[in-house]
Amino acid sequence: MTGTDPLRIAADIGGTFTDIAAILADGSLITRKLPSTPHDYAEAVVDGVLALLAEHGLDKAELGEVLHGCTVATNAILENKGARTALITTAGFRDVLELRRIRVPRLYEPLYVKPPPLVPRQLRLEVVERMGPRGEILTPLDEASLSVAIERLKREKIDAVAVCFLHSYANPEHERRVGEALRQALPDAFVTLSIEILPEMREYERTSTTVINAFVGPPVRAYLRSLIRRLGDAGLRERLLMMQSSGGILDARVAMDKPAQIVECGPAAGVIGATHAGVLAGYRDLITFDMGGTTAKASLVEDGKLVRTDEYEVGGGISLSSRLVKGGGYALRLPVIDISEVGAGGGSIVWLDKAGSLKVGPHSAGAVPGPVCYDAGGTEPTITDANVVLGYLDPHALAGGSVPINGAKSHAVIEAKVAKPLGLSVVEAAFGIHQVATTVMMRAVKAVSTFRGRDPRDFALFAFGGNGGVHAGELARGLHMQRIIVPAGAGVFSALGLLFADVELGLSRAFLRPIAGTAPDSMEAAFQALEGDVARQLDAPVERVQFRRQVDLRYSLQAFELTVPVPPGRLDAATVAALAGALDAEHERTYGHRLDAARTGEIVNLRVTGALPTAGRKSLSAAAATVASSGAPCRRRAWFGQRFGMVETPVLARAAIGATPQAGPLIVEEYEGTIVVPPDATVRRDGFDNLLVELSES
């Protein structure tokens, strides 16, 4: 390796594969893809890093840091395999988690059952105390009731405790006292206080976020400690940085204390990479589409900027932030990149319901045993098996030959479990699976576009993930989108995105008052206090940190707020007064109208994000990919539906695609993934090694 900057390697864990990527000093991309190791995900990370170094003749001493995104926190929630967690709350409020909000995700399902709370009722304990909304003490903390709760926790052998008191955001005194007592009495327990994770109003969202942090804390801490230890044992640099759901990276040891910040870290990295690659190549309006082995994710990039939110739900079949679809998961009110996620990936299991309707996911065959075609013990058909039958995937091997494929088994299982019960041919059944999967994934795309008042036709579809290029054509057609962009290294793109992220941290605090009555100096002082807290947690001088300010606004009597940016520089009366106009504009943009002048605006929360630009970050060169294609050019039969039928289709490498558009059908095979170009589309390669697929308007 040339150059003086240390090598940075990124590793992203998926449900099926673990992806490794690095950018060398000359801007070339090197990658490695290997099956995930569910018994200990750290094993695949370390093995992949070592294999990548060895394959390219790089010395361990050149490695400066490892950047990481994982699904450990997400899986703990989705599989209900987090820590045995208790909740301590104000007397009379133990059922906040149960009551939630009066929202359901499916309008015409009156018998819908909400997901069970992460803390069962018998472990939600009450302590006598009460704060008022302005921080006044209405009922002093009763030490006797606290002692009773602590003794109960000792008997229950609790692993984690969440503490959330009424109005503690206005006065944290009682929560701090309880936190001190818990950490002294239960030194091995993972304790989370709501004032440390989310000092804002809204009891359900604050309680839910605090509980999520406690619930995932022990498994995330155990995993990261194991990974740091394994890296050290392998002679690798132990500097480990974690991607956060908000899109910034943070030292892993800091992330251990607030693991709720990394619940959506893997998908966030992909969006960071898409934003960087898109802007670099001149594409500023994108809908990102990331389809891996377990899930499919979508996000919006508008005018070169990604969209963040702090209204998010995880679990419940679709993880998303939407004011129109709520109640299906657990509320997580922390800064996240606005991503929606559905359980439809290459390993998603295909099944028939009691009425004989074809369904896809959300359950996955994962890495073990994997799809039936992996010939590793899988017995249920998956999306990958359907794509093998359709001819989209090599029926003999994937990932450059590292994953052997038994295509005959895919045919057999789809014929037996789907085609015969539905009275279809095998290819018709497989294409039906492909289309149903696409329909499920359209929910994710609409959640970040149509549900936000954005028309997908105004954007290009930026497809990545191991299966993104396979399904992008059908998905774009269903959304009436004309252009698809598939970047270099698409199959490991979430790992690649880690390399473009800055060290970043966001904090917030409640600041409830009318816009018209707010003194600029008091608001400026509150912002500066937040900025000081951010700098301390980043372990950097305030002068080195690049701050971004935002404020949550609402009209009087409204229950929920909108987030708008605050211009840089010291606040003055004009800047504060302009927030009223910013609220009007954002309300009209989001909901299609603004309220009349009689409804005054209110400030609810202040937000500060601090970033430290990453030293030694490299950009991709114009010809980024250095990995070879899966094999020599060939042809194979692929099915493109009743309209086109079975077509003899060329199978090429990315390098074989030139700047002049080539007509489909084509299949582009790479080490990391596959791209399917439909018969009524063209494909060309731009100067940044992106494949541009244009669909006909018919």
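Student: In which strand is Val-683 found?

Tutor: This is a predicted model, in which local features need pLDDT of at least 70, side-chain atom pairs count only at pLDDT 80 or more, and totals for chains, interfaces and linings use all residues. Residues are numbered from 1 along each chain as its sequence is written, and side-chain values use heavy atoms, with hydrogens and water left out. Strands are DSSP runs of E with at least two residues, helices are runs of H or I with at least four, and both are numbered from the N terminus. On this basis, Val-683 belongs to residues 681-685, which form strand 37.

Student: Is Val-683 buried or exposed?

Tutor: Buried means under 20% relative accessible area, exposed means over 50%, and partly exposed lies in between, with a 1.4 Å probe and protein chains only. Contact means heavy atoms within 4.5 Å; not counting residues up to four places away in sequence, Val-683 touches residues including Ile-657, Leu-666 and Val-693. Its relative accessible area is 0%, so Val-683 is buried.

Student: Which side chain does the side chain of Thr-18 join in a polar contact?

Tutor: Thr-18 lies in strand 2 (residues 17-23) and is buried, with 0% relative accessibility. A polar contact is a pair of N or O atoms within 3.5 Å; within protein, one must be able to donate a hydrogen and the other to accept it, and residues adjacent in sequence count only if both atoms are side-chain atoms. At 3.0 Å, the partner of the Thr-18 side chain is that of Ser-36.

Student: In which sense do strand 26 and strand 27 pair?

Tutor: Two strands pair if DSSP finds at least two bridges between them. Strand 26 and strand 27 (residues 483-486) have two bridges, and Phe-462 stands opposite Ile-485 in strand 27. The sense of their pairing is parallel.
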